[in-house]
Amino acid sequence: MDHFQYRDGELFAEDVPLSSIAQEVGTPTYVYSSATLRRHYRVFDEAFTGRDHLICYAMKANSNQAVLRLLADLGAGMDIVSGGELARARAAGVPGEKIVFSGVGKTDEEIRAALDHGIFCFNVESLPELRRISEVAAGRGQKAPVSLRINPDVDAQTHEKISTGKAVDKFGIPWMEARAAYGLARDLPGVMVKGVTMHIGSQITTLAPFERAFTLLAELVELLRADGHEISHVDLGGGLGVPYHGDTDVPPHPRDYAEMVNRTLGHLGVTYVFEPGRMIAGNAGVLLGRVIFVKETETKTFVISDIGMNDLMRPTLYEAFHHIRPLKEPAPGAPMQVVDVVGPVCETGDYIARDRKLPVMERGDLFAVMTAGAYGAVMSNTYNTRPLTPEVLVDGDKFAVIRPRMEVEDIIALDALPPWSG
Ligand SMILES: *Cc1c(COP(=O)(O)O)cnc(C)c1O
């Protein structure tokens, strides 16, 4: 459920017509709905009412400070994957004790920073990392709280580039090595075992892969307890999908997910930690663009827009599907056309939609790329010396620019000439 709807023939974000944002801020521009962000967080939170749980929003999905602050105000913790994200989370007012630190390549500097901020837990992805965290923490007379991320080797049935829980993926410690790894953790002076973590992938739209993973997780917790480890939490990662198409990819409702989690893990008496990213932010954002030219060739019609792959990389990176909706609602029976919607970037992979049947679009028309709130702006870059995409947050009938449009001069100023260039 989102808050982007047609009203009186115009696409609105909550109570703001998107065309007024396009006019004031220009295009391309990301627009987020506060009500949608809040709703997604609350629906997930309420599904676990009565159970000890901590929701650590996977901030890599959308880490604008305004988005983080909105979620922090609702009580969210954060799942971070870098020292940069740690700084962002703390700047947004998230306390260290609500932060978990994931990722396969934590540097000494990042480990030290996380210890400085007293984070809730390190999600450890390998034995070399476990040893290193122990060395760094022990060197400061500390014991770092750790949870080992176990790779259960289940197929999340998602795109290969966002699968993380198969044996061939780079993430986590193999299931078969888990008990030995926990044995090592017990013997190391600078770590303290807290939990077990799994995150099997992203954009998962059925419960079955989760259930397989969590059943293995429950077995492992019992084995580890029998080995004498105190396991006080299980971190179930993120991964719940969002409906990009809206028909073939409808994800389970958080209530049903919660029912399955309680069924597989409820008897363990552990705190649940969750790391949802996409399901919080995905449907809470759109990307506004404008048609620059319509180019007809013998075989195709190209709608060339001002949204490049530098603004939204998902179609290029994952062959992702995003609905496209004109800001002016098409009249019933308006003529349709099969087109490729492409960007201005000099790459064949620079497209938003291919062979898509859309209402006929003309130069100057404004449109919205839907479900762009997660893994959109955060992946944007300045390829082709295109300024980073601005971001806008809507709340009711108000909107505010939460990342101003960058100027080309700002990009040029990032570079420096060598002193010998005269
Ligand atoms: C990316 C990531 C998440 C969030 O995944 P979503 O599919 O966006 O919910 C959670 N945990 C870890 C470890 C991740 O890398």
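Helix 3 and helix 4 make a right-handed crossing, where right-handed is taken to say that the near helix is turned clockwise from the far one by less than a right angle, and left-handed that it is turned anticlockwise. Before I go on, this is a predicted model, in which local features need pLDDT of at least 70 and side-chain atom pairs count only at pLDDT 80 or more, while totals for chains, interfaces and linings use all residues. Residues are numbered from 1 along each chain as its sequence is written, and side-chain values use heavy atoms, with hydrogens and water left out.

Back to that pair: helix 3, residues 65-73, packs against helix 4, residues 83-91, at an angle of about 55°, and their axes are 9 Å apart. Helices here are DSSP runs of H or I with at least four residues, strands are runs of E with at least two, and both are numbered from the N terminus. The axes are lines fitted to C-alpha atoms, for helices over the stretch in contact, and the angles run from 0 to 180 degrees between N-to-C directions. Helix 3 and helix 4 are therefore oblique to each other, since angles under 35 degrees count as roughly parallel, over 145 as roughly antiparallel, 65 to 115 as roughly perpendicular, and the rest as oblique.

A second pair is helix 5, residues 108-116, and helix 6, residues 127-139, whose axes come within 10 Å and cross at roughly 55°, which makes helix 5 oblique to helix 6; this crossing is right-handed. Helix 2, residues 34-47, and helix 9, residues 254-265, have axes that come within 8 Å and cross at roughly 30°, so these two are roughly parallel to each other, and helix 2 passes helix 9 in a right-handed crossing.

Now the open space. The largest pocket holds about 530 Å³, and of its 29 lining residues the closest to the centre are K60, T164, F171, H199 and Y375. On a 1 Å grid over the protein atoms alone, a pocket is an open set of points with protein on both sides within 12 Å along at least five of seven lines, a cavity is a set where a 1.4 Å probe fits but cannot get out, and lining residues have an atom within 4 Å of a point.

Lastly, two backbone details. T27 and P28 are joined by a cis peptide bond with omega about -10°, and P28 sits in the loop between helix 1 (18-25) and strand 4 (29-33). D8, although not a glycine, has a positive phi of about 50°, and D8 is found in the loop between strand 1 (4-7) and strand 2 (10-13).

Technical notes. Points joined across faces, edges and corners; volume = space filled by probe spheres on them.
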